[in-house]
Amino acid sequence: MPTTNEAAVRSPENTAVTVTVRHLRGGLAGKQQVIQHLPAVIGRSHRCEVRLDPRDTQASGRHARLSFDGTAIWIEDLESTNGTRLNGNYVSRASLTSGDEIELGYGGPQLRITFDWPTAQWIGNARSETYFLGTCEFPLRSPWRFPVYGLGLALLLLPLWLGSLVAAVLLMPPGILALLLAWSMARVNLTITPSHVEYQGVWQQVTLPWPEVTHMHVRLRTRGQATYTIVGQTRHIHFSPPDDASGIELAQLIVRRTGRQWETRTSR
């Protein structure tokens, strides 16, 4: 049985979350609304918390609902006439990632949903929820790749500038190696699929099936980015997201796929 952390899951009543709804298309295009209390109904009715323009007839009076269960924000179609699409796909109920776009009726109003809350509230929020998770790719390119590229180019061009054969023999091989290293650093990527997680790093590529995951932990630094580790029976994956938002999104997807909690560690 997967290890879960039901006690650590925060309830909707005691977890602060702010949702911003931006109208991308429809009668209210260009406007946005900030919601601080969920659930919130979206529709043309004047009783809806997120009210659409009455002229947006592709949308129903009570079209969809945004809700928060303590671990994720959900969009739910309220048996609307023309359906609800999430990032182009029809859904009846689905969890949201900040930045997702929903369409209310084919060709109807389009909204972008963004939200944020402290990363710590995601750590340990594990529930064995079952839903279909498609393939998602997350680039983890190192910011050091540009200086390494520059070093490689400098080592290759310096012998030409000096016009020295000895300098060419000494500097061009490490210059080529530096360019190859920078190219590898630009290819670092984490791919999440319904069956496994795959890490393509500078020196290695690791494929870890979800059933083999034994535990997970995240090291929170007082300075710098967090480092996540997914530990398997025979293999493990280390990765550092390029920013906090990506880290939250990755942590959410991995928790939902494994049903296991993130164990927190702090370092300076």
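Guide: What follows is a set of questions about labels and the values behind them.
Guide: This is a predicted model, in which local features need pLDDT of at least 70 and side-chain atom pairs count only at pLDDT 80 or more, while totals for chains, interfaces and linings use all residues. Residues are numbered from 1 along each chain as its sequence is written, and side-chain values use heavy atoms, with hydrogens and water left out.

Visitor: What makes up the protein chain in terms of helices and strands?
Guide: The chain has 3 helices and 19 strands. Helices (H or I, at least four residues) and strands (E, at least two) are DSSP runs, numbered from the N terminus.

Visitor: Why is the pair of Tyr228 and Phe239 called stacked?
Guide: Rings of Phe, Tyr and Trp (its six-membered ring) pair if their centres lie within 6.5 Å; planes under 30 degrees apart count as stacked, over 60 as edge-to-face and the rest as tilted. The structure holds 2 aromatic pairs. In the one formed by Tyr228 and Phe239, the centres are 5.2 Å apart and the planes 5 degrees apart, and the pair is stacked. Tyr228 belongs to strand β17 (residues 227-232) and Phe239 to strand β18 (residues 236-239), so the pair ties together parts 11 residues apart in sequence.

Visitor: And what makes the pair of Tyr228 and Trp262 edge-to-face?
Guide: Their ring centres are 5.1 Å apart and their planes stand at 80 degrees, so this pair is edge-to-face. Trp262 sits in strand β19 (residues 262-267), 34 residues from Tyr228 in strand β17, and the pair links distant parts of the chain.

Visitor: How do you know whether Tyr228 is buried or exposed?
Guide: Buried means under 20% relative accessible area, exposed over 50%, and partly exposed in between (1.4 Å probe, protein chains only). Tyr228 has 3% relative accessibility, so Tyr228 counts as buried. Phe239, at 3%, is buried, and Trp262 is buried at 3%. Across the 268 residues of the protein chain, 45% count as buried.

Visitor: Why is Asn87 called partly exposed?
Guide: Asn87 has 45% relative accessibility, so Asn87 counts as partly exposed. Asn87 is in the loop between β7 and β8 (89-91), and has a positive phi of about 50 degrees although it is not a glycine.

Visitor: What makes Glu79 exposed?
Guide: The relative accessible area of Glu79 is 78%, so Glu79 is exposed. Its place is the loop between β6 (73-77) and β7 (84-86). Glu79 has a positive phi of about 55 degrees, although it is not a glycine.

Visitor: How do you know that the charged end of Arg85 sits over the ring of Tyr90?
Guide: A charge sits over a ring if NZ of Lys or CZ of Arg is within 6 Å of the ring centre and within 35 degrees of the ring normal. The charged end of Arg85 is 5.5 Å from the centre of the Tyr90 ring and sits over that ring. Arg93 lies over the face of Trp74, at 3.9 Å from the ring centre.

Visitor: Where does Thr234 lie, and is it buried or exposed?
Guide: Thr234 is in the loop between β17 and β18. With a relative accessible area of 66%, Thr234 is exposed.
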